[in-house]
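Q: I have a structure open and would like to go through it piece by piece. Can you take my questions as they come?

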Amino acid sequence: MAGAGSVAISSLTVPVRRWFPNRRPRPARSLAPSAETVRPRGGDAPDRVTRPSRVRSGMERNEMPGNKAVVYQGPGDVEVRDSDYPTYEMKDGPGVNKANVGRRTPHGVILKTVATNICGSDQHMVRGRTTAPEGLVLGHEITGEVVDTGPDVEFVRVGDIVSVPFNISCGRCRNCKERRTGVCLNVNPDRPGSAYGYVDMGGWVGGQSEYVMVPYADWNLLRFPDRDQAMEKILDLAMLTDIFPTGYHGCVSAGVTTGSTVYIAGAGPVGLAAATSAFLLGAAVVIVGDLNEQRLAQARSFGCETVNVAQGDPAEQVQQILGRSAPAIGQPLVDSAVDAVGFEARGHGADADTEMPATVLNSLMDLTRAGGAIGIPGLYVTGDPGGVDEAARVGSLSIRLGLGWAKSHSFVTGQCPVMKYNRALMMAILHDRVQIARNVNATAIPLDQAPQGYRDFDQGAARKYVLDPHGMIGKRN
């Protein structure tokens, strides 16, 4: 960890910070600042302006604010409960790796949560399809306002509006330095890679809450250049924490480029974000497949072709679509495919109501041309208590690898390294090159409506639910 450190000189101890006279002074760290410092529109200019703080009234009275959070209570059950206000030390609790208990984070900040989204990955836990413990605070898609900074934070300031990548990464290990922040080596004692509020990810407290601590803040946080502009586009910018970079990563991994034909399995928020990304990358044809007609209608609303896999083999339907616009010798197949479904996949046609965890991967190999590529941002797990058989319970699926090998397919799996893409996608949003919130039908709801949001999302609502703990989004939308 990047501490201030000290140097011994003839029995005197001098803080290392004093050896850097050109360093900009930081504002005093306080939970009750009298004013917030804000960078003016235009980004990185050193000039700064001051205006009245927007912190909570309790903090203005120098009182420690309360905190509420969305907590997993068991299969099918989430509740909004009182939770501890975050500190700069990891405490024991549900899902916290014992090796992380007592870990100090002076490099962290505390955020007042502006937006925190319900994700399909959260639903896997809430359905009881992982080993997540009861009492786990959920939420890994976090956008917030900095209200406090740890003593080792240099560049992030109180008042900044920031996006938090769902990957927690240290910025120091080999993988982080190679931009593979989804598999950081230093934040999770169990395995490479970590995330907020997620099973087997080290136990970092989730962000579906009023306040949350973010470690390694100078490295992890993406600061929005202008506060007012950010709040005007907050529903779009809230997608930068996970689903927009994840969908984009799926398309990049699949080689989507100008003129590509693309098939995306799944019309949930990640699938719709992937479809949006495919258009942004220049795809000529984007086809989205799903069982849910409302979600397919949402995909059509921004120019996608659609396939209802309940009606039969998606490969045959894809060939019909491509054959209309691009006649070819033999059966026309897509250049690229993206799996935005994951391990809770269902079959097609007569098997549409049957869980078949390998069906998406196998169908993508069918409908992708020889030499094509398949991006797999959809979640697959190593422990699934609700798996359809013993093999599926440990993540062992019946994949037709021989078919993929024969067609020289390339496959890319794993967490999206959000920091590889989030700044560029932020610029596309700020300069009106993309309307991701519209395309995924982002819908803001109060924090206390989270349980209903989880239920509606689980039933297939064609929406991306964004929790609004402090009413900061509702005032503008």
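Q: Which residues does Gly95 touch, not counting those up to four places away in sequence?
A: Gly95 touches Pro133, Leu136, Gly202 and Gly203. Contact here means heavy atoms within 4.5 Å.

Q: Where is Gly95 found?
A: Gly95 is in the loop between β6 (77–82) and β7. Helices (H or I, at least four residues) and strands (E, at least two) are DSSP runs, numbered from the N terminus.

Q: And is Gly95 buried, exposed or partly exposed?
A: Gly95 is partly exposed, with a relative accessible area of 35%. Buried means under 20% relative accessible area, exposed over 50%, and partly exposed in between (1.4 Å probe, protein chains only).

Q: How many residues apart in sequence are Gly95 and Trp204?
A: They are 109 residues apart in sequence, and 8.3 Å apart in space, C-alpha to C-alpha.

Q: Stepping back, what kind of model is this?
A: This is a predicted model, where local features need pLDDT of at least 70, side-chain atom pairs count only at pLDDT 80 or more, and totals for chains, interfaces and linings use all residues. Residues are numbered from 1 along each chain as its sequence is written, and side-chain values use heavy atoms, with hydrogens and water left out.

Q: What pLDDT does the protein average?
A: The average is 87, and 84% of the residues score at least 70. pLDDT is the predictor's confidence in each residue, from 0 to 100.

Q: Where does pLDDT stay under 50?
A: Over residues 1–62, for which the model has 113 contacts beyond four places in sequence. Where pLDDT is low, the predicted coordinates should not be read in detail.

Q: How many helices and strands are there?
A: The protein has 16 helices and 19 strands. Of its 477 residues, 56% count as buried.

Q: Which residues touch the most other members of the largest nonpolar core?
A: Leu138, Met239, Leu240 and Ile264 do, in a core of 76 residues. Helix α8 (residues 269–280) gives the most to this core, with six residues. A nonpolar core is a set of buried Ala, Val, Leu, Ile, Met, Phe, Trp, Tyr and Cys residues joined through side-chain atoms within 4.5 Å. Another core, of 29 residues, lies apart from the largest one and includes Val96, Leu111, Val162 and Ile168.

Q: What is Met239 in contact with, leaving aside neighbours within four places in sequence?
A: Met239 is in contact with Asn117, Phe244, Pro245, Ile436, Val440, Ala442, Lys464 and Val466.

Q: On to sheets. In what order do the six strands of the open sheet come?
A: The order is β14-β13-β12-β15-β16-β17, with parallel pairing. Two strands pair if DSSP finds at least two bridges between them. The edge strands, β14 (305–308) and β17 (410–413), each pair on one side only.

Q: How many bridges join β13 to β14?
A: Four bridges join strand β13 (residues 285–290) to β14. Ile287 stands opposite Glu305 in β14.

Q: Which strands does helix α9 touch?
A: Helix α9 (residues 293–300) packs on the sheet against β13 and β14, and its direction makes about 165° with that of β14. Helix α11 (residues 359–367) also packs on the sheet, touching β12 (261–265), β15 (334–339), β16 (368–376) and β17. Axes are lines fitted to C-alpha atoms, for helices over the stretch in contact, and angles run from 0 to 180 degrees between N-to-C directions.

Q: Why is helix α7 largely enclosed by the rest of the structure?
A: Because ten of the eleven residues of α7 (residues 243–253) are buried. Among them are Phe244, Tyr248 and Cys251. After α7 comes Gly255, whose phi is positive, near 75°.

Q: Which way do the residues of β10 point?
A: Tyr211 and Met213 point one way from β10 (residues 211–214), Val212 and Val214 the other way, and all are buried. Strand β7 (residues 109–117) runs antiparallel to β10, joined by four bridges. One of the bridge pairs is Val109 with Val214.

Q: What is phi of Tyr216 near?
A: Near 45°, a positive value in a residue other than glycine. Tyr216 sits in the loop between β10 and α4 (217–220), and it counts as buried at 4% relative accessibility.

Q: And Ser408, buried or exposed?
A: Ser408 counts as exposed, at 53% relative accessibility. Ser408 has a positive phi of about 55° although it is not a glycine, and is found in the loop between α13 (401–406) and β17.
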